Amino acid sequence: MKQKAIIIILVSIVTNNIVFSQTQFFRDTSINVTENGITLKNAWASGINSAQFHEIDLDLDGVKDLLIFDKTGNKLIPYIKKNGQYIFAPDYRELFPKLHDWIILADYNCDGKNDIYTYSSGGFAIFKNTSTTSLSFSLVDTLVRSDYGGPIPLNIFISAVDIPAIADIDYDGDLDVLTFKITGGFIEYHRNMAIELKGDCDTIAFQLEESCWGNFYEGLNNYTLNCLNCQCPPIINNHTSKQKHAGSTILAIDIDNDQDKDLILGDISFNNLNLLVNGGDSSYANMISVDSIFPANHLNTIEANMDIFPAAYYLDVTNDGIKDLVVTSNSENNSENFESCWLFNNTGTNTNADFNFFKKNFLQDEMIDLGSGSYPVFYDYNNDGLDDIIVGNYGYHQIGGNPRSSLALFKNNGTPDTPSFELIDRDWQNISNINLNINLNIPALNLSPTFGDLNGDTHDDMILGDANGKLHFFTNTGFITSSFILAEAEYKNIDVGYFASPQLIDVNRDGLLDIIIGEQSGTINYCENTGTSTNPIFDTVISNFGGIDIESNIISAGFSTPTLYDNNGIYELYVGSYTGETYVFDNIDNNLNGGFDSLSVLNTNEGGKNMIAIKDVNNDQKPDLLIGNYSGGLSFFSSDSLLISNTIYTNIPQFNIYPNPTSRILTIDSYIMGDIKIINTLGKKVLTKNKKNQITRIDLSTLKKGLYFIKINNKDSKFILQ
């Protein structure tokens with residue numbers, strides 16, 4: 001079946017595992033990563049750009065865990081809370097429905113379990129939390145409507161770029177909705193009538209209670225108060241250069257302990273939060289003051305300054321039982337992407353808050369986060385026999401200017417069997433300061449690297465693709481450790497349109513390095529080397545290589561990122577995409593002018609605009625996967641045969657182990673009982689213990705440092721003892 005990637009193809013991913021071509025891959029979060037001497041606790045948590053923070057009990061242990069929804073790539077980042085620590089738990093992604101644009105987790109039916117409110121067609125849908133023995137959801141309403149006083153109910157309008165408030169505004173026990181009118185300016189109050197109609201919460205019934213709740217009007221980051229009967233005097237707007245905004249974020253909380261909801265608002269065109277204080281009560285809201293440098297004026301802290309479009313979330317992330325303030329950016333583009341999770345610790349109470357600034361990179365400082373975009377390749381830069389990682393990115397956000405694109409170097413300090421990486425340079429080779437964009441004489445954006453010897457000196461050279469669809473050639477002047485100098489910007493005048501993603505590889509197996517290049521349109525280009533090993537010639541670009549047009553049935557721009565891999569003498573092609581799925585093709589050898597066969601699709605839920613690097617980095621003679629995404633993070637999948645189980649995989653983790661890596665004590669959290677077996681990399685059993693309780697701790701002080709495998713009955717995982 002020679003078809004494009006637009007057809008339905010075999011999905012072979014089950015939670016933590018990917019199966020294809022007789023190779024089974026397991027998500028591996030145990031590989032150690034450090035920066036500046038500090039171990040990243042959740043290194044492979046896949047990065048954060050535009051986070052939305054929420055609480056939910058993921059493992060049903062009665063403790064609220066943390067779920068982050070990254071608007072960039074519509075990616076879920078689940079964390080289980082154990083002993084006051086957050087543990088990255090990506091398995092739970094599979095238990096959620098497909099979500100996009102925004103989500104709010106709140107208990108609509110008052111059963112003690114947080115449900116899902118999420119964007120849907122100019123409004124919102126609700127998924128009910130139906131969890132009993134494992135986490136599950138069911139769709140309740142695809143588009144929630146309200147009684148506007150007309151003949152038929154209409155959907156409660158909420159745009160894809162807004163964040164509404166879901167809160168008990170009238171303090172009657174059910175959850176109401178605050179959202180800006182479709183024309184902007186005034187806030188609509190949609191009252192939940194479930195209690196009034198049924199006497200309980202388990203009913204969806206709304207009516208428009210007020211068209212200008214709080215008696216105020218929002219202009220361009222300024223406000224007119226005392227708008228009685230929705231009538232306001234003209235707003236004097238000093239920001240004459242800006243047009244009417246198209247988005248706002250709303251958080252409704254009682255910040256001054258007077259039993260009514262105040263508002264914390266963010267605006268799409270500005271970087272500050274505004275606190276509107278409610279001088280009315282729970283039945284009649286009336287905003288009486290505006291604090292435009294919140295939370296600086298509320299007791300003692302600094303103001304939130306999120307460039308651009310701030311959003312506020314109120315939840316306990318410091319594990320002291322008191323809700324804190326987390327400020328993020330609700331913008332997917334041209335916004336802060338490296339320090340975009342500001343944490344303000346609440347040293348007051350839930351209804352009389354005292355916010356104190358703590359850090360700008362909450363959780364981001366515990367993971368690999370390279371700003372926006374991550375395009376990884378394995379490359380041994382220092383010729384020590386260990387595969388290091390080079391990662392290009394779209395860029396780190398720069399206020400008032402273009403992002404700063406660069407290469408990151410992760411040095412492999414481990415062994416051939418046990419990789420361990422250190423992030424030693426976020427601007428390797430100083431690429432961010434080289435003006436690759438010849439027309440504008442500025443650095444290029446969206447750098448995608450590939451390596452290979454193009455001048456026959458036995459040292460691998462480097463080609464970078466960029467956002468303008470161009471390639472740039474750097475020669476390697478290093479003897480042992482790689483050192484690159486620019487040899488030719490806009491190499492060979494190759495131009496594939498936009499977002500060039502190149503790979504140097506001998507496609508036709510003639511002994512010469514060719515180039516394949518992905519691009520924004522979703523197709524793949526093939527540049528055959530018709531020259532020599534010392535003087536390559538790329539004078540022909542063959543577009544639509546393999547008949548592939550990634551996701552053309554979904555969007556007009558697939559953002560293809562191809563990686564050709566030799567799997568035991570047979571080429572397989574992996575292509576990342578805009579949605580984050582990775583399409584796999586075969587029937588490539590001896591068929592370069594034909595259409596490739598769709599083999600499988602890897603839906604790993606790592607976020608959009610993804611790219612895969614493939615290499616055997618743990619010396620087991622099987623390939624491993626490294627996946628980058630547009631949130632600037634990385635995820636690792638190993639094909640280690642010692643982890644393969646003969647059981648059917650379920651949608652929930654069988655057991656959790658932490659901390660990982662550990663220096664001595666390993667904690668196992670699982671309902672599975674039986675013998676625990678610790679196995680070294682030689683396959684030898686080095687420790688056993690009988691598990692009789694859900695929580696079991698093992699003292700590993702008698703073992704040598706290194707990688708170990710743990711089995712409970714027929715369930716497997718692995719950890720590092722350091």
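Guide: Let us begin at a hairpin, in which β23 is joined to β24 through 5 residues. Strands here are DSSP runs of E with at least two residues, helices are runs of H or I with at least four, and both are numbered from the N terminus. The model is a predicted one, in which local features need pLDDT of at least 70 and side-chain atom pairs count only at pLDDT 80 or more, while totals for chains, interfaces and linings use all residues. Residues are numbered from 1 along each chain as its sequence is written, and side-chain values use heavy atoms, with hydrogens and water left out.

Strand β23 covers residues 262–267 and runs antiparallel to β24, with 4 bridges joining them. Two strands are said to pair if DSSP finds at least two bridges between them. Within this pairing, isoleucine 264 stands opposite leucine 275 of β24. Strand β24 is also joined to β25 (residues 287–294), in this case by 5 bridges, and these two strands are again antiparallel. Leucine 276 has valine 290 as its bridge partner in β25.

Buried means a relative accessible area under 20%, exposed means over 50%, and partly exposed lies in between (1.4 Å probe, protein chains only). The side chains of a regular strand alternate between the two faces of the sheet. In β24, Leu273, Leu275 and Val277 point one way, whereas Asn274, Leu276 and Asn278 point the other way, and all are buried.

The disulfides lie elsewhere in the sequence. A disulfide is taken to be a pair of cysteine sulfur atoms within 2.5 Å, and the count by this rule is 3. Cysteine 110 is joined to cysteine 201, with 2.0 Å between their sulfur atoms. The torsion about their S-S bond is about -70 degrees, so this disulfide is left-handed. The pair links distant parts of the chain, 91 residues apart: cysteine 110 is in the loop between β10 (103–106) and β11 (115–120), and cysteine 201 is in the loop between α1 (194–198) and β19 (206–210). Cysteine 110 is partly exposed, at 39% relative accessibility, whereas cysteine 201 is buried at 7%.

Another disulfide joins cysteine 212 to cysteine 230, with an S to S distance of 2.2 Å. This link, too, is left-handed, with -90 degrees about the S-S bond. Cysteine 212 is buried at 7% relative accessibility, while cysteine 230 is partly exposed at 25%. The remaining pair, cysteine 227 and cysteine 232, has sulfur atoms 1.7 Å apart. Its torsion of about 120 degrees makes the disulfide right-handed. Cysteine 227 is buried, at 0%, and cysteine 232 is partly exposed, at 28%. With bonded cysteines counted along the chain, the pattern is 1-2, 3-5, 4-6.

A search of the whole structure finds 4 cavities of 30 Å³ or more. A cavity is a set of points on a 1 Å grid over the protein atoms alone where a 1.4 Å probe fits but cannot get out, and its lining residues have an atom within 4 Å of a point. Grid points are joined across faces, edges and corners, and a volume is the space filled by probe spheres set on the points. The largest cavity holds about 80 Å³, and its lining includes Tyr375, Phe499 and Lys609.

Conventions:
On a 1 Å grid over the protein atoms alone, a cavity is a set of points where a 1.4 Å probe fits but cannot get out, and a pocket is an open set with protein on both sides within 12 Å along at least five of seven lines; lining residues have an atom within 4 Å of a point.
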